[in-house]
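Here are my notes on this one, written as numbered points. Have the structure open while you read.

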Amino acid sequence: MGCTEWVELNQKNKPQSNAIATGVFTLLATGMYHAATLYDPGYRNEEWAYSRSDTAVLVTLMLFHIAAIVGSLAGWILIERYAKKQINFVTMSFVIVGCTVSIAVPHSLIAVAFARSLMGVAHGLAYLLVLVHGGEIVIKELRGVIMAAVNFCVISGALIGGIVNPVDLESLTAHQFLGIIGLTYMLLAFFLNLMLCYESPVFLLQRNQDAEALRSMLKLRNESTESWEIRNEMTEFKTMLSEDATTSRSIFMDGNLRPLALVALGKVASVLSFNYAVNTVKANVIDEVLDSSATTTTDIRLSIVILMSIRMVVGMGAMFAVDVLGRRALQLVSICSTGLVLVAMGIVYLATDSITPDIGMALFVACEVGASLGLTFIPDVLCSEAFNTKKKALSIAVVQVLEQILHLIVFGVVYWWNFAVYDRYGVTLLVAGIPMLSIGYVLYRKLPETSKMSIRQARIEFYKREGIVFGGSKNSVEVLYD
């Protein structure tokens, strides 16, 4: 497919990305609050943290992830009972209240904790909703790029949060500024949800609303009449649902453990490469080069800007390539390159104290480029296409809960550390890098290639144990359950 044809295809199918835009704006808002546990924001010097114990500040920051776990589990319950538009309004209400509290009471620890909790619940709800909804409505030619864009928006929010948090805006605190941006996002999200959020045909077919499902499909495909492509898609949806009707809801039965384990491993590798500990090491080394180790909380940390900008620019290029080069190739290259650099740097920092910051910065920039090729967004793409429809919501929720638990563990352990010694650098990088290489090997042996496959064909590949597609775009039409 040429560039012109791709642009025309994307424009024709714009209603599909518009349908999940509310969730995307929500994740842009919540991603800004996620930044506080990805980089050191200097909160100890803010008024709400004055005269507070380190434990109180730590718990306040961790509440975002604890609440995100609650939001993911709540999303699993709600998504099978209510329409997407209704759930979006509930999610938006959490963000609006959280942003309002951030603006109105930015100096109170209790208010900050309450706001972060609400944003965490919204994050868990929105993430689950977007992955389930997007996977069911987006055409196979665009599913990779659109679902990868979801994680790109979380990274964009983290970039804004990472830049704003350490900055003294004189008339506004960081929380007030983030709250204002969040409310702006919600204003746009409200109208998008009201006018452009179309329900998933799969959801409607499950409830025997065939006529409504067809109308929704026509809107999503930007067609006025039922074409043979739409008729074939609807038939495949019905076949998929009839296959799933014979299975249980347990995520550990009917072969679901295999895709659950593969997607979970990808998410573990994602967290290992992008967490508070690893990011702190990278930022500190770059700060040394920029001679900004003594930067006050009123200055932008250029190291964070550099790292996140690399992740966004390279990630954007990889995002547009995911449907061309394939999920498997990008993820394996990203995992292995990142893991190798982290292990090599960990060994060097443990073996010697003489490595210059310039060399360290160059290697960490290379590491960031590798990590941006798909390590963080490919697991989200796979979440949208790997699971049985009866098990999808809970399976994705479990993967998200695992992600939040890992962030909690890393942040809770490392928050107290003094990163002034290189031995800490070495231990951190080795603990992150070695498991990543192991995960890369497992995924190399077991992860199928699912680009340009319908969601039914893709999940068949995940459930198969033999004849797995490792490359190309072979259309599997094997029966899933014998």
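1. Before the numbers, a word on terms: the domain bounds used here come from an automatic or database domain assignment. On that basis the chain splits into domain 1 (13-198) and domain 2 (247-481), and their centres, taken over C-alpha atoms, sit 21 Å apart. Keep in mind that this is a predicted model.

2. How many residues does each domain bring to the contact? Domain 1 puts in 52 residues, and domain 2 puts in 52 residues.

3. On to the area. Domain 1 and domain 2 bury about 4900 Å² between them, and 69% of that falls on carbon and sulfur atoms.

4. The rule picks up two salt bridges between domain 1 and domain 2, along with eleven residue pairs in polar contact. As for which parts of domain 1 do the touching, α4 (54-79), α6 (109-137) and α7 (143-164) each give at least two residues to the side that faces domain 2.

5. Salt bridges over the whole structure come to 18. One of them pairs Glu223 with Lys12, at 2.8 Å from N to O. Why does this pair tie together parts that are 211 residues apart in sequence? Because Glu223 is in the loop between α10 (210-220) and α11 (228-244), while Lys12 belongs to helix α1 (residues 3-12). Another salt bridge worth a look is Glu80 with Arg249, where the closest N and O atoms are 3.3 Å apart.

6. Last, the rings. The count of aromatic pairs is seven. Take Phe89 and Phe190: the ring centres are 5.8 Å apart and the planes make 55 degrees, so the pair is classed as tilted. The two residues come from distant parts of the chain, with Phe89 in helix α5 (residues 84-104) and Phe190 in helix α8 (residues 174-196), 101 residues apart.

Notes. Residues are numbered from 1 along each chain as its sequence is written. This is a predicted model: local features need pLDDT of at least 70, side-chain atom pairs count only at pLDDT 80 or more; totals for chains, interfaces and linings use all residues. Side-chain values use heavy atoms; hydrogens and water are left out. Contact means heavy atoms within 4.5 Å. Buried area is the accessible area (1.4 Å probe) that two parts lose on being put together, summed over both. A salt bridge is a side-chain nitrogen of Lys or Arg within 4 Å of a carboxyl oxygen of Asp or Glu. A polar contact is a pair of N or O atoms within 3.5 Å; within protein, one must be able to donate a hydrogen and the other to accept it, and residues adjacent in sequence count only if both atoms are side-chain atoms. Helices (H or I, at least four residues) and strands (E, at least two) are DSSP runs, numbered from the N terminus. Rings of Phe, Tyr and Trp (its six-membered ring) pair if their centres lie within 6.5 Å; planes under 30 degrees apart count as stacked, over 60 as edge-to-face and the rest as tilted.
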